[in-house]
Amino acid sequence: MADFQIEREVVIDAPVEVVWRTITEPEQIRQWFADRVELELEPGGRGLMGFEDRALPLVVETVEPPTRFSFRWNHPAGEEPAAGNSTLVEFTLVGEGERTRLRVVEGGLELLAWPVGDKERFADEHRGGWAMFMDRLARLLAERPGE
Amino acid sequence: MTPESDDELWSAIGDPSRRRVLDLLVRRGEASASWLAGQVPFSRQAVSKHLVVLEQAGLISRRKHGREVLYQVDAERLDQATRAMAELASQWDGRLNTIKRLAEAAHAQTRAQTQEHEA
């Protein structure tokens with residue numbers, strides 16, 4: 001448990017079942033994450049998030065409706081995602097009456113290539129993965145002004 | 001940098017113990033694992049683990065000085081990494097807010113339909 005991670009959470013005025021559908025149904029994921037979404041919703045299931053000309057594969061790790069959903073991505077092309085070569089995105093849903101506390105943790109960020117030219121090791125291993133990632137995120141946001 | 005903005009930067013980077021180690025390295029410039037272990041309330045072994053992760057992330061580098069290994073912060077990289085982490089965190093905030101809006105709209109719609117049905 002010694003990696004870099006980001007933790008964020010939000011409280012939503014909707015029951016966990018509704019939030020669960022929002023974060024796991026491809027047609028809903030398209031509205032908050034990627035332009036193109038494919039997802040086999042089962043442990044070990046394959047999926048991908050498509051952003052304009054790029055598509056990022058992912059592998060589902062945990063599916064425990066309606067409380068836990070996680071997947072791995074950002075692994076090097078041609079490799080199977082596992083701890084040590086990918087980031088893990090974990091959603092946790094906690095029902096609080098009619099409300100839901102939704103938490104997301106993305107861990108393993110130390111494995112991404114950070115945008116620096118002088119660390120060839122990282123740049124070579126990940127082919128500028130981090131820079132591309134940030135680029136995608138920026139574009140994703142730009143497509144959704146005001147959010 | 002003000003102490004406040006320091007806090008904000010550090011908060012973007014993983015766990016508090018590791019931030020402590022980074023913070024010490026920033027203040028000290030260069031330090032050995034045993035010196036660091038003397039400054040913190042956790043074990044030398046824990047310090048070593050944090051140093052490995054920080055080095056893996058490219059935030060610190062090491063050099064041999066006699067029999068000692070000294071660690072130092074790569075300031076430029078640290079700055080870029082913390083900004084990138086903060087940006088990624090704000091991207092997730094954006095996504096979570098959209099999820100919130102979608103789920104609340106879906107819920108409101110279901111509730112309205114149910115009430116209509118009951119009425």
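Let's start with burial in chain B. Of its 119 residues, 28% count as buried. Keep in mind that this is a predicted model. Now look at contacts in chain B with a separation of 6 or more. Residues 24 or more positions apart account for 47% of them.

What is chain B built from? Five helices and three strands. Go along the sequence and the pattern reads α-α-β-α-α-β-β-α.

Take the strands of chain B. The three of them make an open sheet, in the order S1-S3-S2, and the pairing is antiparallel. Which strands stand at the edges? In chain B, S1, residues 30–32, and S2, residues 60–65. Each has a single partner strand, so one side of each has no neighbour in the sheet. From one strand to the next, the twist averages 35°.

Look at one pairing here. S2(B) and S3(B), residues 68–73, run antiparallel and are joined by six bridges. Then find helix H2 of chain B, residues 16–28. H2(B) lies across S1, S2 and S3 of chain B. Its direction runs at about 90° to S3(B).

Over to chain A. Here we have an open sheet of seven strands. The order is S1-S7-S6-S5-S4-S3-S2, with antiparallel pairing. S1(A), residues 5–12, and S2(A), residues 36–39, are the edge strands. Each of them has a single partner strand, so one side of each is left without a neighbour in the sheet. The twist in this sheet averages 20° from one strand to the next.

How many bridges join S1(A) to S7(A)? Eight, and the two strands run antiparallel. S7(A) covers residues 99–107. Within that pairing, Val10(A) stands opposite Leu102(A).

What packs on this sheet? One helix is H1(A), which touches S1, S5, S6 and S7 of chain A. Its direction makes about 160° with that of S6(A). Another helix comes from chain B. H5(B) touches S1 and S7 of chain A, and its direction makes about 25° with that of S1(A).

Next, these two helices against each other. Two packed helices are described by the angle between their axes and the distance between the axes. H1(A) is residues 16–24, and H5(B) is residues 75–118. Their axes come within 9 Å and cross at roughly 130°. That angle makes H1(A) oblique to H5(B). The crossing is right-handed.

Which residues meet there? From H1(A), we have Val18(A), Val19(A), Thr22(A) and Ile23(A). From H5(B), we have Ile99(B), Leu102(B), Ala103(B), Ala106(B) and His107(B). By type, the residues of this contact divide into seven nonpolar, two polar and no charged.

Last stop, burial in H1(A). Val16(A), Val18(A), Val19(A), Trp20(A), Thr22(A) and Ile23(A) are buried. What covers them? On the chain A side, the cover includes S1, H2 (26–32), S5, S6 and S7. From chain B, H5 is part of the cover too.

Note on methods
Residues numbered from 1 in each chain as written. Chains lettered and ligands numbered in written order. Predicted model: local features only at pLDDT ≥ 70, side-chain atom pairs only at ≥ 80, totals over all residues. Axes fitted to C-alpha atoms, helices over the stretch in contact; angles between N-to-C directions. Helix = DSSP H or I, 4+ residues; strand = E, 2+ residues; numbered from the N terminus. Parallel < 35°, antiparallel > 145°, perpendicular 65-115°, else oblique. Left-handed = near helix turned anticlockwise from the far one by under 90°. Contact = placed C-beta atoms within 7 Å. Nonpolar A, V, L, I, M, F, W, Y, C, P; charged D, E, K, R; others polar. Buried ≥ 20, exposed ≤ 12 C-beta atoms within 10 Å, placed from the backbone. Pairing = 2+ DSSP bridges.
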